[in-house]
Amino acid sequence: MATFKKRSVLPIYAIALVWVIFTIVHPLYKVSDYVTVILLSAIVFLVAKGIWPTQRYELPDPDADDAAEEEAETVEEEDEKEAAFVSTGDPKIDALIQEKDRALGEIRRLNHAISDPKLSEQINDLESTTAKILDHVISSPEKLPQIWKFMNYYLPTTLKILNAYDRMGAAGVAGENIDGTMERIETMMDTIVSSFHKQLDALFRDEAMDIASDITVMESLLAQEGLNSEGPLTEEADTEAETSVSEPEGDASQPEEDGPQAPEHDSDPEESDTTER
C-alpha cells in the first residue's frame, strides 16, 4: 500500500481574500501596512489549515507490487542456487564457485544488453575463457594464488568497463565524452581478450614443463635402446637395402657365356706372310 497526501487549497484562497479586503479597507502605503497584512495572512492560514487539514489516504501501489514480485523471484532463485550448491569443504573454493556464477551471470547480462556485433562476440569469448580459468582452478585448488590479480583486478575492472559502455550506449546521446570513451573501450577489448587468453595459458605452464621433461627423458631412453628413428635397427635395414641394390651391378659386369665370341688368332699376320715367301 502507498500513502498519498491531499492538501486543501482553501487556506491559500483565505490568504488571497485577506489581501483583497485589506487593500480595499486600508491601502498599502507604508512598510508597516505590508507587515500588518503579512501577519494577518499567516494567522488566517494557520486557522484555515486547522479547519481544512491535509488528508491522507492509502492506495495499492502497482510499482511496489512489481518490486515485491521481483524481490520474491530473486529470493527464490537464490534459495534454489543455495539448495543446489554443494560445498567442497574448502571455503576459498566455495567462494570462488559463487563468484564464478555471479561473474558469468553479469557477463551474460551485459552481452544481452550490448548490441554491437563485434563487442558481443568478444564478450562471448571472455565468458568462455573466464569459465575455463575458474573451472581449472576449482579442479586444481593449488593454483588459486596464480589468479589472485585476475580475480581482484582484471575481471572486476573488465565488468566495470563494460557496464560503463552499456550505460553510455543506453543514454542515447552523442557527445565528445560519450563517443570517445565508447571508442576507447571498443579498442581496449582486443587487449582484454588477449590478456584473458594469456592468463588461461599461464595456468598450464607447470604442466607443460613437466610434459617437456618427460618427453626429453623418453627420447634419451629410446635412443639408448635403439628404438628411435636414428637407432641401429634402422641402420641394419639401410645396409640390407644397399646390398640388394649393389648385387645386380656385380652380375652385369660378368661376360655372357652364350653370346658370340670374337675369333682367336694364334699368330701374327706378318709372320704368316714371311713363311709363305
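So, a salt bridge here is a side-chain nitrogen of Lys or Arg within 4 Å of a carboxyl oxygen of Asp or Glu. That's the term to keep in mind today.

Two bits of housekeeping. This is a predicted model, where local features need pLDDT of at least 70, side-chain atom pairs count only at pLDDT 80 or more, and totals for chains, interfaces and linings use all residues. Residues are numbered from 1 along each chain as its sequence is written, and side-chain values use heavy atoms, with hydrogens and water left out.

Okay, how many salt bridges does a search of the whole structure find? Five. Let me walk you through some of them.

Start with D135 and K100. Their closest N and O atoms sit 2.5 Å apart. This pair links distant parts of the chain, with D135 in helix α5 (residues 117–139) and K100 in helix α4, 35 residues apart. When I say helix, I mean a DSSP run of H or I with at least four residues, numbered from the N terminus. Now, is K100 buried or exposed? Buried, at a relative accessible area of 16%.

Next up, E127 and R108. In this salt bridge the closest N and O atoms are 2.8 Å apart. Again we're linking distant parts of the chain: E127 belongs to helix α5, R108 to helix α4, and they're 19 residues apart. E127 is buried at 17%, while R108 is partly exposed at 44%.

Then there's R109 with D166, whose closest N and O atoms are 3.9 Å apart. R109 lies in helix α4 and D166 in helix α6 (residues 148–171), so this pair ties together parts that are 57 residues apart in sequence. Here R109 counts as partly exposed, at 37%, and D166 as buried, at 17% relative accessibility.

And that brings me to E106. You'll find E106 in helix α4, which covers residues 91–113. E106 is buried, with a relative accessible area of 18%. If you leave aside its neighbours within four places in sequence, E106 is in contact with L159 and N163, where contact means heavy atoms within 4.5 Å.

Definitions and conventions. Helices (H or I, at least four residues) and strands (E, at least two) are DSSP runs, numbered from the N terminus. Buried means under 20% relative accessible area, exposed over 50%, partly exposed in between (1.4 Å probe, protein chains only).
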